[in-house]
There are 4 protein chains.
Amino acid sequence: MAAGNTFGTLVKLTLFGESHGDSVGGVLDGFPAGYTVNESLLKTMLQQRFPSASFETARREEDAVEFLSGLKNKTTLGSPIAFRIRNTNARPGDYESLKNIFRPGHADFVYHEKYGLEPQSGGGRASGRETAARVVAGALALGFLREKGIDIISYISAIGSEKMIDAGDWKEESAVFNSPVRCPDHEAESRMQQYLKQISNAKDSIGGCVTTLVRGLPAGLGEPVFGKLNAVLAQAIMSIPGAKGVDFGEGFAGLHLKGSEYNDVPVMNNGKVQFESNHSGGVQAGISNGNILLMKTAFRPASSVGTAQHSIDTEGHRVDLKISGRHDACFAPRASIVVTAMTAIVLMDAWLQFKSYDREF
Amino acid sequence: MAAGNTFGTLVKLTLFGESHGDSVGGVLDGFPAGYTVNESLLKTMLQQRFPSASFETARREEDAVEFLSGLKNKTTLGSPIAFRIRNTNARPGDYESLKNIFRPGHADFVYHEKYGLEPQSGGGRASGRETAARVVAGALALGFLREKGIDIISYISAIGSEKMIDAGDWKEESAVFNSPVRCPDHEAESRMQQYLKQISNAKDSIGGCVTTLVRGLPAGLGEPVFGKLNAVLAQAIMSIPGAKGVDFGEGFAGLHLKGSEYNDVPVMNNGKVQFESNHSGGVQAGISNGNILLMKTAFRPASSVGTAQHSIDTEGHRVDLKISGRHDACFAPRASIVVTAMTAIVLMDAWLQFKSYDREF
Amino acid sequence: MAAGNTFGTLVKLTLFGESHGDSVGGVLDGFPAGYTVNESLLKTMLQQRFPSASFETARREEDAVEFLSGLKNKTTLGSPIAFRIRNTNARPGDYESLKNIFRPGHADFVYHEKYGLEPQSGGGRASGRETAARVVAGALALGFLREKGIDIISYISAIGSEKMIDAGDWKEESAVFNSPVRCPDHEAESRMQQYLKQISNAKDSIGGCVTTLVRGLPAGLGEPVFGKLNAVLAQAIMSIPGAKGVDFGEGFAGLHLKGSEYNDVPVMNNGKVQFESNHSGGVQAGISNGNILLMKTAFRPASSVGTAQHSIDTEGHRVDLKISGRHDACFAPRASIVVTAMTAIVLMDAWLQFKSYDREF
Amino acid sequence: MAAGNTFGTLVKLTLFGESHGDSVGGVLDGFPAGYTVNESLLKTMLQQRFPSASFETARREEDAVEFLSGLKNKTTLGSPIAFRIRNTNARPGDYESLKNIFRPGHADFVYHEKYGLEPQSGGGRASGRETAARVVAGALALGFLREKGIDIISYISAIGSEKMIDAGDWKEESAVFNSPVRCPDHEAESRMQQYLKQISNAKDSIGGCVTTLVRGLPAGLGEPVFGKLNAVLAQAIMSIPGAKGVDFGEGFAGLHLKGSEYNDVPVMNNGKVQFESNHSGGVQAGISNGNILLMKTAFRPASSVGTAQHSIDTEGHRVDLKISGRHDACFAPRASIVVTAMTAIVLMDAWLQFKSYDREF
């Protein structure tokens with residue numbers, strides 16, 4: 001057992017909170033002084049994480065952020081920014097019937113093995129509830145990045161086998177945020193929604209793929225070899241509950257491309273270096289190359305399904321169960337803003353490290 | 001610019017070295033005292049990284065490891081284990097014609113932007129040459145893990161579109177290590193070799209997929225939320241040159257599975273908890289569940305191809321180039337042992353963290 | 001500007017809070033699961049930090065700890081333990097007359113240079129107020145250590161030139177905690193109190209020396225070379241507001257001892273290794289030797305004095321000032337429990353690192 | 001057991017090596033690209049650590065530094081700078097008679113308890129020999145700092161009870177480096193030398209105090225609360241073999257000063273903020289204030305003395321011993337350059353962190 005809830009170098013994020021405890025929250029340390037919190041961005045991002053569509057969990061607690069330190073008149077002081085969101089809508093009773101049962105696909109068994117804990121209502125620390133805190137920190141980081149001309153968008157490019165044809169070009173925030181499935185392509189969105197209805201009706205769940213784009217990133221971010229931009233992003237993204245894979249540029253799909261096709265050729269364009277393609281997804285040798293950063297994250301289907309399942313209890317006896325609580329048929333749409341948040345935190349840190357030594361000083 | 005070459009918590013690996021400098025090497029710190037180095041394992045693993053097949057680079061320097069500290073009579077002292085491998089076969093002359101040219105797909109451009117460096121012969125720090133040091137450290141870690149009953153195997157499951165049908169079951173070391181493409185399936189191996197011949201003849205390159213299995217892992221390794229086992233592995237793996245994607249269990253392919261199919265159901269088997277399936281790849285909620293750990297890594301095609309390409313030089317002028325040096329048509333087979341090495345380092349650290357507090361104490 | 005508020009390896013403490021903001025608090029991560037919080041110890045330690053004697057600040061807010069996560073039924077879950085203490089008694093008005101003035105000896109000037117901040121009422125992040133959070137975390141750590149047979153006591157061995165004759169032997173908690181100046185020696189205590197009265201009457205302040213003893217520490221704690229026990233303790237202790245020096249064993253006073261006198265000679269005593277003396281203070285080569293750990297901390301006089309002073313304002317104009325707020329004539333007695341708290345946190349982490357690899361496994 | 005040999009945030013130093021192993025050395029990572037190594041400074045600093053005076057050990061191996069990576073044409077590449085110094089003059093035979101004996105004051109016993117090691121000839125990892133590597137890294141860091149207008153000097157202010165009257169003003173390098181005891185005051189130097197002769201003749205040893213000054217430091221370095229400049233320096237300094245105490249400004253001696261005397265009053269001087277005094281030693285609230293940084297380090301007497309001693313062996317039997325090897329009567333003069341080196345490494349890191357966010361960007 002060891003401390004695993006702090007992340008980052010110059011900007012450090014420490015997270016805390018269990019699903020049905022008092023609060024979830026975090027401490028964002030290393031944020032420069034003198035920045036005003038973009039409250040509208042914060043609110044928008046929290047709403048994006050919030051369940052609203054019919055295929056999402058009916059747990060509806062308002063995510064009201066309380067800042068405990070680090071701000072004065074909504075402006076950063078340079079000291080750590082602590083915040084919490086109360087868990088106002090926890091209904092542990094929903095879980096009473098599942099007491100002592102290792103729910104399939106859930107953290108119950110591994111938490112029991114690691115911490116000696118009985119299965120906790122709502123999943124405890126392993127619940128997706130903790131991602132609300134990531135979004136708060138990510139909103140602060142994204143606000144910072146935008147002032148430097150850097151922006152991030154994450155959207156759904158696949159739900160189950162329903163995929164969006166995607167050219168890897170920038171997507172407008174409104175097209176993504178207004179879509180219940182966070183898919184900016186209307187035709188694909190409609191297919192996805194129809195499919196999710198089926199899944200919902202079958203009380204089942206399905207996974208999804210989140211595509212993330214970053215524009216405005218200067219060349220030079222990332223610290224070889226373990227601090228490579230894609231390596232640190234991979235850690236940050238894979239720490240999100242339910243993430244099972246992450247790739248960059250062509251990623252896994254790039255196996256069909258030969259080197260002669262894959263290489264992104266640099267050209268001069270109005271005195272600026274640009275690339276004829278973006279197969280590498282904006283990262284070469286672990287360092288941003290100035291191209292759009294392109295990353296994809298695979299999320300597994302939600303573990304809680306309403307169909308009949310069997311499992312064992314903490315005594316090792318077989319049990320049959322049906323989970324009736326409030327759950328998502330697909331949490332990938334809600335997770336997309338969490339991917340944006342984690343990406344923002346990584347990029348802000350990488351940007352500051354990049355700036356820690358400027359030859360022009 | 002910041003220090004990025006150190007990795008780990010209780011066991012820390014620090015790497016150093018450029019392709020055509022004096023040496024590549026590392027410092028492995030935190031290794032417990034009293035372990036005898038398994039020299040045969042070390043030698044075998046270094047040979048696995050070493051190019052030998054016809055489709056691989058003809059750069060043939062013997063990787064002789066010199067230990068500088070941390071050992072006495074081949075036994076660990078508990079102090080940092082420093083080692084280096086000399087670069088004996090560097091031929092910077094090969095790169096003379098490419099001076100000042102940003103080779104497509106290579107680190108030249110981003111290193112120029114980040115460090116202000118002219119393109120370095122052999123790729124400098126960004127060269128795959130540094131992975132020899134990872135293999136040394138990984139061999140020590142794997143030797144440690146094997147004494148705890150944990151073993152790792154990595155093999156090639158795809159080269160280009162040539163795939164191996166794979167049930168995710170354990171593969172014997174001999175079947176993998178004796179295959180020039182590191183594929184334990186003879187039929188697939190033969191298809192891959194034929195395909196690589198075509199690629200080689202066309203002076204082109206192709207990517208590959210490495211599958212990694214870990215057996216004997218106890219349940220409980222991994223430290224939520226940022227120290228989740230899959231998160232730390234993802235960072236470690238994505239730091240390997242040429243890695244463009246990593247996933248666990250079903251990973252990206254898991255999008256077609258519903259939750260009712262995906263969940264790994266626990267059952268009691270002779271007083272031990274086992275699972276009816278392994279869709280999650282042995283990691284649940286970021287913690288090992290005692291199942292076989294299953295991870296896949298996507299490697300891009302080698303950037304150096306012998307076909308005609310164009311690019312720009314450091315002045316921004318367009319140049320036409322043909323790269324004639326010594327390169328791999330596919331480096332994924334050689335990279336597979338590097339994946340094993342990094343996996344071993346992560347697991348050894350996670351194992352020690354897991355043991356840092358034992359309720360039985 | 002960088003994140004500086006997180007400390008530790010296996011147990012990580014992250015602190016937050018400004019003097020006159022909403023709260024001070026922290027997140028203690030890596031605490032093993034299954035421990036019940038010793039509430040009485042927590043309360044006692046917070047009271048020790050709390051001003052009560054006549055020579056201490058009249059700021060009297062009850063330090064009520066709210067746990068936000070990591071506990072269920074007062075028992076640790078293995079997840080991060082977040083807590084906060086509200087700032088209920090802040091009176092920013094007291095500082096109105098000092099607006100824009102760099103108070104001598106305070107952080108105002110350096111915070112202005114570093115963060116671009118106007119002098120903050122109460123000192124902001126630099127206030128001693130943050131140490132309440134250290135005490136909370138330290139109380140949890142000390143509770144843990146006591147279950148392992150390890151105990152810590154800190155007491156005042158000097159205030160100004162009034163010193164206690166001290167043999168370095170263990171001091172009972174009651175003798176320390178019941179003394180208003182935290183001095184277990186009645187004669188010295190009485191001299192100190194008399195002296196403090198003079199200082200108080202003169203509206204001046206004075207520094208003090210805190211001596212810390214640890215008993216029950218096994219030999220073997222500390223990780224050479226940068227994780228040496230005395231090195232990590234030194235960082236932890238010097239991070240306490242007002243600490244200006246730390247030493248171990250004979251420390252600075254040891255200059256008069258020759259090597260033949262200084263060396264602690266090991267002898268066998270009932271099958272256990274003991275030492276004939278303790279000049280090294282229980283730490284040899286950065287590792288605990290099983291002897292009583294002995295450490296001393298020098299605290300400067302409080303910066304806020306009621307006498308006439310001059311300084312400059314943020315515009316650089318000379319100003320004359322008299323500070324009338326609520327302040328300590330000597331904060332060293334209150335700081336002694338903070339030294340205990342930081343010592344406990346360091347030792348708990350060192351103990352877990354020590355246990356991360358046990359040759360008996 | 002855990003990794004303890006890496007230090008720093010943006011600049012990371014990893015050290016390795018045992019006294020009688022192959023080499024001592026290190027890896028300095030995060031050093032910005034484009035700096036030319038000041039070889040003359042490096043040589044001078046290594047010579048300062050080298051024993052030459054009659055009261056110092058007769059072990060005379062030339063400290064020839066071999067750079068293994070990170071440099072090209074003596075210029076930094078931005079990649080990790082690895083280096084080693086071979087142990088050419090090790091004479092393990094000297095230690096044969098001490099086999100299995102826990103030498104008093106040495107690391108033998110604690111290393112046995114921690115690592116299960118037999119007493120190692122020359123002290124192994126615990127030997128002062130490792131400080132040669134610190135000096136190499138420190139010389140690179142000091143070269144960097146000097147280009148930013150920052151300089152460091154460390155000198156001997158006391159040996160045993162022989163003290164130098166010191167006003168805390170800057171000392172010239174030549175006055176320090178040319179003195180066999182590194183004391184820039186002729187009168188004190190002569191007293192110290194005479195005293196050391198007595199100690200040497202008695203085959204005994206004695207401790208010393210090193211005073212360190214830093215000039216040219218801008219206000220603003222240091223990251224509250226655990227990254228406070230004095231806290232990080234304290235860790236760095238206390239990690240040096242034999243260091244038993246560290247203080248800043250008045251430090252332990254400041255107990256006799258009242259707050260009204262202690263506070264350093266800021267004044268405007270030609271448009272620049274200066275201070276009327278420097279009791280706080282250039283650090284306020286853990287942040288540099290632009291004044292000269294003043295730090296003192298107490299070193300214990302060398303453990304190896306030639307007088308008759310007794311101890312126990314690894315079996316617990318009492319033994320009488322006389323140590324005849326090559327040792328220092330006082331190692332503080334040689335250690336003074338190590339203090340400079342560690343100070344340089346800390347300040348370079350703090351400077352880069354300070355620059356990681358510049359409001360002018």
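This is a predicted model: local features need pLDDT of at least 70, side-chain atom pairs count only at pLDDT 80 or more; totals for chains, interfaces and linings use all residues.
**Chains related by rotation**

The same surface serves both copies, for 100% of the contact residues of chain A recur in chain B, where two residues are in contact if their C-beta atoms, placed from the backbone, lie within 7 Å.

Residues are numbered from 1 along each chain as its sequence is written, and chains are lettered from A and ligands numbered from 1 in the order in which they are written.

The contact between these two chains takes 88 residues from chain A and 89 residues from chain B. Among the elements that give two or more residues to the side of chain A that touches chain B are α2 (108-115), α6 (229-238) and β11 (243-248) of chain A; helices (H or I, at least four residues) and strands (E, at least two) are DSSP runs, numbered from the N terminus. The largest share of that side, six residues, comes from α6(A).

Strand β11(A) also meets its counterpart directly, since three bridges join β11(A) to β11 (residues 243-248) of chain B, and the two run antiparallel; strands pair if DSSP finds at least two bridges between them. Within this pairing, A:Gly245 has B:Asp247 of β11(B) as its bridge partner.

We can turn now to chain D, which a rotation of 180° with 0.0 Å of shift along its axis superposes on chain A (RMSD 0.0 Å). That is the relation of a two-fold axis. Of the residues of chain D, D:Ser356 comes closest to this rotation axis, at 1.7 Å for its C-alpha.

With 25 C-beta neighbours inside 10 Å, C:Val110 counts as buried, a residue being buried if 20 or more other C-beta atoms, placed from the backbone, lie within 10 Å of its own. Leaving aside neighbours within four places in sequence, C:Val110 is in contact with D:Ala219, D:Gly220, D:Gln284, D:Ala285, D:Ile287 and D:Asn289.

How values were computed: Copies are superposed by least squares on the C-alpha atoms of residues with pLDDT of at least 70 in both. A residue is buried if 20 or more other C-beta atoms lie within 10 Å of its own, exposed if 12 or fewer, and partly exposed in between; C-beta atoms are placed from the backbone.
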